[in-house]
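This report describes selected features of a structure. Please have the sequence and the coordinates at hand while reading.

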Amino acid sequence: MGELDIAQVVALSLYVSITATVLTSLVGLPLGAFLALKRFRGSWLMRTGVYTLFALPSVVVGLVVYTMLSHSGPLGVLDWLWTPIGMVLAESVLIFPLVTGLTMSAVSDVDESVRLTIRTLGASNRQLMMRVMHEARFGIFGAVMVGFGRAISEVGAVWMVGGNIKGSTQVITTAIMQQTQMGDFGTSFALAGILLIIAFVVFFVIREIQERG
Amino acid sequence: MGLAIEAAGISKSYGGPAVLSSVNLKVEAGELFAILGPSGSGKSTLLRILDLLEQPDQGEVTFGGPESILWDGQRLRRRMTMLLQRSMMFRDTVFGNVAYGLRLRGLQEREIRDRVLNALGDVGLQGFERRKALTLSGGEAQRVAFARAIAIEPEVLFLDEFTANLDPPNIRMLESALAAYRQKTGCTVVLVSHNPFQAQRLAKRCLFLYQGEVLGSGPIDDVRRLDDDRTVAFFRGDLI
Amino acid sequence: MNKTKWLILVVVVIAVVLVAAGLAISGAFSPAESRLILATTTSTQNSGLLDFILPDFKSKYGVKVDVVAVGSGLALENAKRGDADVVLSHAPSLEAPFMDQGYGIFKWRVMYNQYAVVGPSGDPAGVGNAWSVTVAFKKIADNSSTFLSRSDNSGTYTKEMQIWALAGLDAGQFGSWYNEVGKGMEDTLMMADELGGYTLTDEGTYFTLIQTLGIVELFRNDTVLFNQYSVIPVNPAKNLNVNVKYAVLFAEWIVGPETQELIASYTANGHQLFFPNAEP
């Protein structure tokens with residue numbers, strides 16, 4: 001039985017999840033706030049669409065991204081299949097609706113009167129959005145954390161796009177899956193424990209930064 | 001010196017019966033004008049339209065002053081501000097709240113600091129800067145909101161029942177802060193109230209709104225004596 | 001607002017750095033020749049054979065072999081799409097159309113292992129007394145003993161279906177004693193263990209798990225149970241990006257005498273798992 005390179009597996013899990021979360025948040029947070037604040041033709045449809053995507057199975061995401069990145073697919077030239085960057089793409093697609101939708105929720109929760117106050121004090125539309133997001137920051141923080149949690153716990157999509165290649169595209173979750181398949185429950189539980197500890201540390205560090213900031 | 005305001009033929013509905021019907025209004029530069037009426041008469045809607053926060057379905061609002069002023073929506077809106085009945089505090093310190101409008105306008109931190117401390121002094125809340133605004137009592141929050149409003153030195157102040165939820169000491173404090181601010185800057189004040197006694201205390205001219213229609217406008221004493229059951233009942237304090 | 005703008009800037013910079021890093025790691029795989037993708041089955045990967053022999057390829061040719069392990073059907077599917085450079089599979093019935101359709105350059109024998117029928121040590125159906133595997137299966141059906149079928153597109157499942165067909169039985173008509181579990185070999189063995197049922201397994205996986213299982217080997221050594229592994233380099237004519245040079249080198253290496261000996265020397269729990277049989 002080959003040796004499981006725990007360091008590689010943990011490092012890649014962290015890399016893929018963090019990168020996907022950062023990228024998704026950069027787009028999803030302003031988009032979510034925008035959809036919550038602005039009423040334009042079709043905005044109701046878009047908001048409902050985002051919530052609907054909450055139910056998107058990760059297997060479907062994996063399959064779609066795989067077909068796109070496959071060498072016989074539209075994005076085959078990128079050569080991103082079986083690589084970490086391909087896994088980042090799959091994870092980003094997966095958690096994007098979640099992060100955007102939860103941000104939408106948090107921003108919608110900000111009282112109408114708060115928005116009125118912001119506007120009457122002279123805010124431009126951009127300043128309004130920034131302040132409302134600031135007011136909704138706990139909910140938005142939650143959205144980002146849910147995104148990260150979902151990303152780091154994903155198995156199917158990263159297996160399909162990454163290939164679970166020993167030594168290069170194996171992550172904690174796919175390693176757990178493989179070890180379990182092989183009947184090695186001990187290693188599986190150990191890996192699961194590591195994953196939870198990592199998640200705890202990440203959340204803890206972010207909270208600390210948030211409290212200080 | 002404050003701006004003069006003129007509104008002509010303002011009508012508004014939210015898809016149902018009209019909230020405002022053909023409202024006309026003239027406020028002189030620097031005066032304290034009251035908009036009176038029972039709840040549901042459309043006063044808050046009118047105020048929001050005057051503050052350029054909402055568009056009327058019909059009619060228009062124009063502003064004038066000692067010099068002629070160009071119509072520039074954003075910049076014009078920044079010369080006015082409104083205080084709500086129940087002011088919303090931001091998730092921030094008292095200082096952060098009062099400084100917000102100033103930061104929007106890109107003022108220097110040093111000037112912001114001066115203006116914030118002065119404004120807090122004007123409402124009797126010196127020393128409150130570091131307090132978390134969401135932990136304040138209703139009266140304190142309302143005073144912070146007032147400080148937040150005057151810190152930006154508006155030329156028009158819209159007050160939507162701004163003392164309706166306060167106890168007498170707080171009411172007195174805010175009314176005197178208002179008087180002091182008017183004294184200092186000559187700003188225009190449009191006061192919405194369902195309390196006729198406060199109106200008579202503070203304003204000389206008013207407009208009486210009932211279910212979106214103007215029943216009377218002009219000097220308060222004249223409006224008070226209008227031959228209309230509803231007006232009479234209102235000024236007696238019976239119509240809320 | 002300044003604090004916020006600063007924060008956004010920091011996040012954007014972090015994002016750019018992360019993506020650049022990812023592209024760099026991933027790009028390091030891209031130089032067409034430095035990476036060889038071997039598509040194979042989960043049971044082959046999980047046996048540990050590849051971990052044992054692949055370092056030899058790396059030291060001889062300097063190229064790392066990346067193993068993507070899925071079911072036989074999917075491995076061949078991957079190859080058809082140009083997502084694998086070389087395939088190591090053991091499903092002749094699926095390999096035949098694959099070669100016919102021109103997806104492989106050539107197909108060479110590499111090694112074999114055996115399938116066996118395993119089941120509860122009490123052997124209620126009397127499988128141990130059968131003289132051929134078709135008889136063994138008939139006995140299980142007649143006795144309505146619990147039987148677990150992988151029912152995925154794996155080589156093992158294909159073999160199982162072949163045996164039912166040889167026995168003249170239609171698996172579609174079986175009663176509830178026939179369980180289609182849709183799982184990998186290890187999972188299926190563990191389930192069979194728990195339910196005290198019979199199943200068809202490759203010996204490789206069985207010996208790997210032997211310590212943890214209660215079920216035992218009851219029937220083996222029928223030629224039908226021969227599980228032939230073949231290596232197929234993928235045809236670049238269908239997919240230009242295939243790493244042909246090293247795919248062919250890999251095939252040559254794996255059938256070469258040194259690697260064949262290496263394969264024979266691989267054991268799990270004291271049992272040899274694979275028997276090299278490349279054409280000399």
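## Overall build of chain A

The model is predicted. Chain A contains 10 helices and zero strands, so its elements, read from the N terminus, run α-α-α-α-α-α-α-α-α-α.

The C-alpha trace of chain A spans about 70 × 40 × 25 Å along its principal axes. Chain A has 213 residues, of which 48% count as buried. Among the contacts in chain A with a separation of 6 or more, 76% join residues 24 or more positions apart.

## Where chain A touches chain C

In this interface, 27 residues of chain A are in contact with 34 residues of chain C. On the side of chain A, two or more residues come from each of α1 (6-37) and α4 (84-108). The most are given by α1(A), with five residues.

By class, this side of chain A has 14 nonpolar, 11 polar and two charged residues.

## A helix pair in chain B

Packed helices are described by the angle between their axes and the distance between the axes. In chain B, helix α5 (residues 138-151) packs against helix α6 (residues 168-185) at an angle of about 5°, with the axes 10 Å apart. Because angles under 35 degrees count as roughly parallel, α5(B) and α6(B) are roughly parallel to each other.

From α5(B), the contact involves Gly139(B), Gln142(B), Arg143(B), Phe146(B) and Ile150(B). The α6(B) side consists of Asn170(B), Met173(B), Leu174(B), Ala177(B) and Tyr181(B). The residues of this contact divide into six nonpolar, three polar and one charged.

Note on methods
Residues are numbered from 1 along each chain as its sequence is written. Chains are lettered from A and ligands numbered from 1 in the order in which they are written. This is a predicted model: local features need pLDDT of at least 70, side-chain atom pairs count only at pLDDT 80 or more; totals for chains, interfaces and linings use all residues. Axes are lines fitted to C-alpha atoms, for helices over the stretch in contact, and angles run from 0 to 180 degrees between N-to-C directions. Helices (H or I, at least four residues) and strands (E, at least two) are DSSP runs, numbered from the N terminus. Angles under 35 degrees count as roughly parallel, over 145 as roughly antiparallel, 65 to 115 as roughly perpendicular and the rest as oblique. Two residues are in contact if their C-beta atoms, placed from the backbone, lie within 7 Å. Ala, Val, Leu, Ile, Met, Phe, Trp, Tyr, Cys and Pro count as nonpolar, Asp, Glu, Lys and Arg as charged, and the others, Gly among them, as polar. A residue is buried if 20 or more other C-beta atoms lie within 10 Å of its own, exposed if 12 or fewer, and partly exposed in between; C-beta atoms are placed from the backbone.
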